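Hi everyone, and thanks for coming. Please take a moment to look at the sequence and the model on the screen, and then I'll walk you through the contacts inside.

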Amino acid sequence: MIQTLLASTAALLTACAATSSSASCDNLGPSPCRTDIVDVTVLDRTTGERLAVYSHDGQRWVAGTPGHRYAVSVRSRWSGRILSVVSVDGVNVVSGETAAWGQGGYVLSPGESYDILGWRKSQDRVADFVFTNLEDSYAARTGRPDDVGVIGLAVFREAYAPPPASLNEATPTESNQAARGQAGSAATDPAAPVARAKAAPEMPSLSEDRSEKRLGTGHGQSESSRVLATTFERAQEHPDQVIAIRYDRRERLVAMGVIPAGSVPRPFPQSASAGFVADPPSRW
């Protein structure tokens, strides 16, 4: 068990032991991924809206607005504790390292939710996530612009101690050897199903117009976000669920065909011209 940090009542910040990140895993196929561990949404904190998700060529997209603050909201659907290693633009939001599965992240108890507001600066504060031009993004400013435009989560279930074996069952040594043999064959069998992420769609060429530039996530203003300490041990080396949500300006997503041209989501489509209560018709 590794000493970690715990967020107040909702989420935990953890610095778990490093694990391998060589396998490929996403939500497009079976083992080793699951699709029932967490729900993730992106919240525009400037407007209070939950950003609509658009599916295109096997990828999920949201449209961000330059200058708006946002949060990554994670809700656990699992019956035990989970660890969520979160990245933005290829950077771990807790440590600032180039993101990998074996790094630290946030831990949720069963049914809990947590809004990740920004880049963690300490146990008490974060720097806000804010949509900005690519060159002003935190990743680009720290020399890592290649993966700007994607939010990622690698989710792990917590390990637990199995109940003691009964007298009629195989000895612990035999059971452990059998389990190791099965796990080893699954990991090394080239025919075992492994989900492969689709290549990202080709981006249209950029113009000098700022409205055409790609969107990234900046290092915004500091605000309070308290975390404390806990421990967490992963149930397995590979994530149980990997989620990727790409983002960019609405204009670029329209140009790419992600959002149909002319489509502007309306929160109350039946009420665009609503006014006040009309008088009843005359009796005569």
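Let's begin with charges: the structure holds eleven salt bridges, a salt bridge being a side-chain nitrogen of Lys or Arg within 4 Å of a carboxyl oxygen of Asp or Glu. Before I go on, a word on the source: this is a predicted model, where local features need pLDDT of at least 70 and side-chain atom pairs count only at pLDDT 80 or more, while totals for chains, interfaces and linings use all residues. Residues are numbered from 1 along each chain as its sequence is written, and side-chain values use heavy atoms, with hydrogens and water left out.

Take arginine 77 and aspartate 39, whose closest N and O atoms are 3.5 Å apart in a salt bridge. This pair links distant parts of the chain, 38 residues apart: arginine 77 is in the loop between S7 and S8, and aspartate 39 is in strand S3. Strands here are DSSP runs of E, at least two residues long, and are numbered from the N terminus. Arginine 77 is partly exposed at 46% relative accessibility, and aspartate 39 is partly exposed at 27%. For the cut-offs, buried means under 20% relative accessible area, exposed over 50%, and partly exposed in between, with a 1.4 Å probe and protein chains only.

Next, glutamate 223 and arginine 45 meet in a salt bridge of 2.7 Å, N to O. Glutamate 223 lies in strand S15 and arginine 45 in the loop between S3 and strand S4, so the pair ties together parts that are 178 residues apart in sequence. Glutamate 223 is buried at 18%, whereas arginine 45 is partly exposed at 24%. These two also belong to a network of salt bridges that links Arg45, Arg69, Asp128 and Glu223.

Now to the rings. How many aromatic pairs does the structure hold? There are seven, where rings of Phe, Tyr and Trp (its six-membered ring) pair if their centres lie within 6.5 Å, and planes under 30 degrees apart count as stacked, over 60 as edge-to-face and the rest as tilted. Tyrosine 70 and phenylalanine 131 have ring centres 4.3 Å apart and planes at 15 degrees, so they are stacked. Tyrosine 70 sits in strand S7 and phenylalanine 131 in strand S13, so this pair ties together parts 61 residues apart in sequence. Both tyrosine 70 and phenylalanine 131 are buried.

Phenylalanine 131 has another partner, tyrosine 247, in a tilted pair with 5.4 Å centre to centre and 50 degrees between the planes. Tyrosine 247 is buried as well, at 1% relative accessibility. Zooming out, Tyr70, Trp119, Phe129, Phe131, Tyr138 and Tyr247 form one aromatic cluster.

Finally, the nonpolar interior. In soluble globular proteins, nonpolar side chains tend to be buried together. Here the largest nonpolar core has 33 residues, and Val72, Val93 and Ile116 have the most contacts inside it. Such a core is a set of buried Ala, Val, Leu, Ile, Met, Phe, Trp, Tyr and Cys residues joined through side-chain atoms within 4.5 Å. Among the strands that each supply at least two residues of this core are S3, S7, S13 and S17. A second, separate core has eight residues, including Trp101, Val107, Ala154 and Val242.

Conventions:
Helix = DSSP H or I, 4+ residues; strand = E, 2+ residues; numbered from the N terminus.
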